[in-house]
Amino acid sequence: PGIDVIVLVSGDGDFIALVEYLKNLGKRVEVMAFGKTTSGVLKETADEFIDMDEGLPKFLLKNSKH
């Protein structure tokens with residue numbers, strides 16, 4: 001009950017029912033995934049969609065040489 005926002009990091013349309021369930025509980029659901037491969041219905045169902053394609057360098061791990 002103390003959680004207000006859930007961030008789902010997946011573009012799989014199998015999570016649509018979960019997103020709807022959480023929203024019915026009054027939770028805000030944000031989805032982060034690569035837009036090109038994310039379910040369109042999942043994008044529409046979420047309260048917010050964050051396209052990882054648009055900020056790719058920010059989301060990828062950088063190789064560090066020791």
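Predicted model: local features only at pLDDT ≥ 70, side-chain atom pairs only at ≥ 80, totals over all residues.

Biologist: Which residue of E2 is the bridge partner of Val7?

Modeller: E1 and E2 are parallel and share 4 bridges. Within that pairing, the E2 residue that partners Val7 is Glu30.

Biologist: And which residue of E3 stands opposite Val31?

Modeller: E2 and E3 also run parallel, joined by 4 bridges. Opposite Val31, the E3 residue is Phe49.

Biologist: What handedness does the β-α-β unit have?

Modeller: The unit consists of E2, H2 and E3. H2 spans residues 40–45, and E2 spans 28–33. The handedness of the unit is right-handed.

Biologist: Which element gives the largest share of the largest nonpolar core?

Modeller: That core has 8 residues: Leu8, Ile16, Val19, Leu22, Val29, Val31, Leu42 and Ala46. Two elements give two or more residues to the core, helix H1 (16–24) and strand E2. The largest share is 3 residues, and they come from H1.

Biologist: Within what arc do the buried residues of H1 fall?

Modeller: Ile16, Val19 and Leu22 are the buried residues of H1. They line one face of the helix, because seen down its axis they fall within an arc of 130 degrees.

Biologist: Which exposed residues does the face of H1 turned away from its buried side carry?

Modeller: The buried residues of H1 pack against E1 (5–8), E2 and H2. The face turned away from that buried side carries the exposed residues Ala17, Tyr21 and Asn24.

Biologist: Which residue just after H1 takes a positive phi?

Modeller: H1 runs over residues 16–24. Just after the helix, phi is positive at about 90 degrees, and the residue is Gly26.

Biologist: Which residues does Val29 touch, not counting those up to four places away in sequence?

Modeller: Val29 belongs to the largest nonpolar core. Core members Val19, Leu22 and Ala46 are among its contacts. With that exclusion, Val29 touches Ile6, Val19, Leu22, Lys23, Ala46, Asp47 and Glu48.

Technical notes. Residues numbered from 1 in each chain as written. Heavy atoms only, no water. Core = buried A, V, L, I, M, F, W, Y, C linked by side-chain atoms within 4.5 Å. Buried < 20%, exposed > 50% of the residue type's maximum accessible area, 1.4 Å probe, protein only. Contact = heavy atoms within 4.5 Å. Arc of directions from axis to C-beta. Pairing = 2+ DSSP bridges. Right-handed = clockwise from strand over helix to strand, strands pointing away.
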